[in-house]
Amino acid sequence: MAFAPMGPEASFFEVLDRHRASLLAELRRAGGEPSGGGTRLASSSEVLASIENIIQDIITSLARNEAPAFTIDDRSSWENIKFEDSVGLQMVSHCTTRKIKSDSPKSVQKFALILKILSMIYKLVQSNTYATKRDIYYTDSQLFGNQTIVDNIISDISCMLKVPRRSLHILSTSKGLIAGNLRYIEEDGTKVNCTGGATAVAVPSNIQGIRNLITDAKFVLIVEKDATFQRLLDDNFCNKMSPCIMVTGKGVPDLNTRLLVKKLWDTFHTPVFTLVDADPHGVYHWSMSFEAHNLTVPAIRWLGLLPSDLKRLNIPKDSLIPLTKRDHMKLDSILRRPYVTCQPFWRKEMEIMADSKMKAEIQALTFLSSDYLSRVYLPNKLRFGGWI
């Protein structure tokens, strides 16, 4: 054993162990490889060749007196997304596309910016150096306008080349935290131990570079809000429920936090659960789209806060929050997504939310007691399989 367990007796984890066994069985039926190892990155030569092919297509178009254009899978259409138990959310094989044309006033600037960032990526890969998205933006902040434009173009390039973003040698700045039953070595040789009790460790900026991961964790808990994550640390949750791992992306999870959770799943096939607010945006945060094989954990389960929990626990109405117009629009959008029809339990929870016209933050559980979340709610959910 890598760690000395400090948490509940072994029988506490019986349902979790059966859940993990069923996940592994499903993975084998789908032809997956339960021994771990992660998603294969595109090699540098493959990325360079893909960029060269795109430039060659542009030259060919110009030689024919045709206006060059980039063809990119349409990531904005949920009709292009499907759900498979063994994979999670992924784009369909024959999805609709959109064109970024060099002769269109609406897209000519974006066409030029894609070319510029492609040239920067080519130099990074060729020289085996890395840059952050922020670095890219500050090479010419006036030209790019804002960071969001750079972020979206990098995502489009990743989609167009059909390679994960980290194969482009562009890193994201990490904002996530991790705590619990995990040790690893960073790319520069730094040894990291996440078992600090009331403190957490920053998620590394280069997930691909970490190695020698060691854990005995029975589950990974993704906590949406940093405040809830910190409260669980203060309540000594990681030690009380040891062995486990707890992660937060501090709201919408950044790329590196998602990559870390994916790496933990690929390496150890430990069940992954999410703890989010019972609101449309909490539901949205654990939905993924493009780069499913590289970022999505198909085994992820919604542990709480479930809309059905609010009635079951008799949470008073004055602890709930009315859905806003924006909430209703987001909820309707999620319910219309084709893959939701394959998930009746998800749909039922969202319909409960829509019918009640109310939402709730995880903090609503403090009505029952200040430590109800860590002392009662989460332990019972984990022990008796209260997830969907």
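A disulfide is a pair of cysteine sulfur atoms within 2.5 Å. By this criterion, the structure, a predicted model, holds zero disulfides. The sulfur of Cys244 has its closest cysteine sulfur in Cys238, at 4.4 Å, which is too far for a bond. Cys244 is buried, with a relative accessible area of 1%, where buried means under 20% relative accessible area, exposed over 50% and partly exposed in between (1.4 Å probe, protein chains only). Cys159 likewise counts as buried, because its relative accessibility is 0%.

Because the model is predicted, local features need pLDDT of at least 70 and side-chain atom pairs count only at pLDDT 80 or more, whereas totals for chains, interfaces and linings use all residues. Residues are numbered from 1 along each chain as its sequence is written, and side-chain values use heavy atoms, with hydrogens and water left out.

Two packed helices are described by the angle between their axes and the distance between the axes. Helices are DSSP runs (H or I, at least four residues), numbered from the N terminus. Axes are lines fitted to C-alpha atoms, for helices over the stretch in contact, and angles run from 0 to 180 degrees between N-to-C directions.

Helix α2 (residues 44-63) and helix α3 (residues 108-127) cross at roughly 145 degrees, and their axes come within 10 Å. The crossing of α2 past α3 is left-handed, a term used if the near helix is turned anticlockwise from the far one by less than a right angle. Among the α2 residues that meet α3 are Val47, Leu48, Ile51 and Glu52, and their partners in α3 include Phe111, Leu115 and Tyr122; contact means heavy atoms within 4.5 Å. By class, this contact has 12 nonpolar, two polar and one charged residues, with Ala, Val, Leu, Ile, Met, Phe, Trp, Tyr, Cys and Pro counted as nonpolar, Asp, Glu, Lys and Arg as charged, and the others, Gly among them, as polar.

Helix α13 (residues 325-336) packs against helix α14 (residues 344-356) at an angle of about 155 degrees, with the axes 11 Å apart. The two helices are therefore roughly antiparallel, the description for angles over 145 degrees. Here too, α13 passes α14 in a left-handed crossing. Leu331, Ile334 and Leu335 of α13 make the contact with Arg347, Met350, Glu351, Met353 and Ala354 of α14. Six nonpolar, no polar and two charged residues make up this contact.

His19 is situated in helix α1 (residues 14-29). At 9% relative accessibility, His19 is buried. When residues up to four places away in sequence are not counted, His19 touches Pro271, Phe273, Arg301 and Trp387.

How values were computed: Angles under 35 degrees count as roughly parallel, over 145 as roughly antiparallel, 65 to 115 as roughly perpendicular and the rest as oblique.
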